[in-house]
Amino acid sequence: MSSTIMYPGEAGFLRMRRLYLRIKEEYGLPYKVIHVAGTSGKGSTTIMSAKILESLGLKVGIFVTPYLYNARETIQINGVPIKQRANLRVRNMVEEIVCDIDVPEIGGCTLFEKLTARALLHFGL
C-alpha cells in the first residue's frame, strides 16, 4: 500500500485501513457491519436500526459520537455502554496495534480512529 497522499482525508483512510486489517488479522471480526454516514440523522438512524435488530434477537453493537453523559456511551452492545474494565482492555489492545502501524508519512492514528478500533474489538470479544 502506497503512503503517498493524493487528496485530503486520504491519510485517515490509509491509517484506518491499516488499523482495520491488523485487527482483523490478529483478532478476527466475526460479525457484519452497517456503516451509517451522512450529514444529518446518523445517530437517530443508528439507534432505530439497532433497536429493530435487537428486537429480532440479535446482538447489536453501536459506535456513536458524540456521547451525552459519559464517554463510554460511545461504544454500546444492546444499549449497554462498554464497561470500564472492557474499555481499558480494548484501549490497551489498540495502543499495541497502533505502535506497530504508525507511518510517519501519514501521521499517527487520531483519537477517533482509535475509538473506532476499540469498538471493532469490543464487538468481537
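What follows is a chat about the helices, core, salt bridges and surface of a predicted model.

Colleague: Great. Let's start with α4: is that helix mostly covered or mostly open?

Modeller: Mostly covered, with 11 of its 14 residues buried. Buried means under 20% relative accessible area, exposed over 50%, and partly exposed in between (1.4 Å probe, protein chains only). Helices (H or I, at least four residues) and strands (E, at least two) are DSSP runs, numbered from the N terminus.

Colleague: And what covers the buried residues of α4?

Modeller: The cover includes α1, β1, β2 and α3. Contact here means heavy atoms within 4.5 Å.

Colleague: Which residues of α4 are buried?

Modeller: Among them are Glu113, Lys114, Thr116, Arg118 and Leu121. Thr116, for instance, counts as buried because its relative accessibility is 16%. Leaving out residues up to four places away in sequence, Thr116 touches Met16 and Phe63.

Colleague: How far does α1 reach?

Modeller: α1 has 18 residues and reaches 25 Å from its first C-alpha to its last, close to the 26 Å expected at 1.5 Å a residue. Just after α1, Gly28 takes a positive phi of about 75°.

Colleague: Nice. What do the buried residues of α1 pack against?

Modeller: They pack against α3 and α4. Leu14, Met16, Leu19 and Ile23 are among the buried residues of α1.

Colleague: On to the core, then. Which residues of the largest nonpolar core touch the most other members?

Modeller: Leu19, Ile23 and Leu121 do, out of 19 residues in that core. α1 (10-27), β2 (75-77), α3 (84-101) and α4 each supply at least two residues of this core, and the largest share, 6 residues, comes from α3. A nonpolar core is a set of buried Ala, Val, Leu, Ile, Met, Phe, Trp, Tyr and Cys residues joined through side-chain atoms within 4.5 Å.

Colleague: What does Leu121 touch?

Modeller: Not counting residues up to four places away in sequence, Leu121 touches Ile23, Tyr27, Val90, Met93 and Val94.

Colleague: Switching to charges: how many salt bridges are there?

Modeller: The whole structure has 4 salt bridges, each being a side-chain nitrogen of Lys or Arg within 4 Å of a carboxyl oxygen of Asp or Glu. One of them joins the side chains of Arg15 and Glu113 at 2.8 Å, N to O. That pair links distant parts of the chain, 98 residues apart, with Arg15 in helix α1 and Glu113 in helix α4.

Colleague: Are Arg15 and Glu113 buried or exposed?

Modeller: Arg15 is buried, and Glu113 is too.

Colleague: What does Lys114 pair with?

Modeller: Lys114 forms a salt bridge with Glu95, the closest N and O atoms being 3.5 Å apart. This one connects helix α4 to helix α3, across 19 residues. Lys114 is buried at 19% relative accessible area, whereas Glu95 counts as partly exposed at 29%.

Colleague: And where does Arg22 find its partner?

Modeller: Arg22 forms a salt bridge with Glu26, at 3.1 Å between the closest N and O atoms. Because they are 4 residues apart in helix α1, the two are separated by about one helical turn.

Colleague: Last topic, the outside. Where is Leu56, and is it buried or exposed?

Modeller: Leu56 lies in the loop between α2 (42-55) and β1 (61-63), and is exposed, with a relative accessible area of 62%.

Colleague: How about Tyr69, buried or exposed?

Modeller: Tyr69 counts as exposed at 73% relative accessibility, and is found in the loop between β1 and β2. Tyr69 and Thr39 are 30 residues apart in sequence and 22 Å apart in space, C-alpha to C-alpha.

Note on methods
Residues numbered from 1 in each chain as written. Predicted model: local features only at pLDDT ≥ 70, side-chain atom pairs only at ≥ 80, totals over all residues. Heavy atoms only, no water. Expected span 1.5 Å × (residues − 1).
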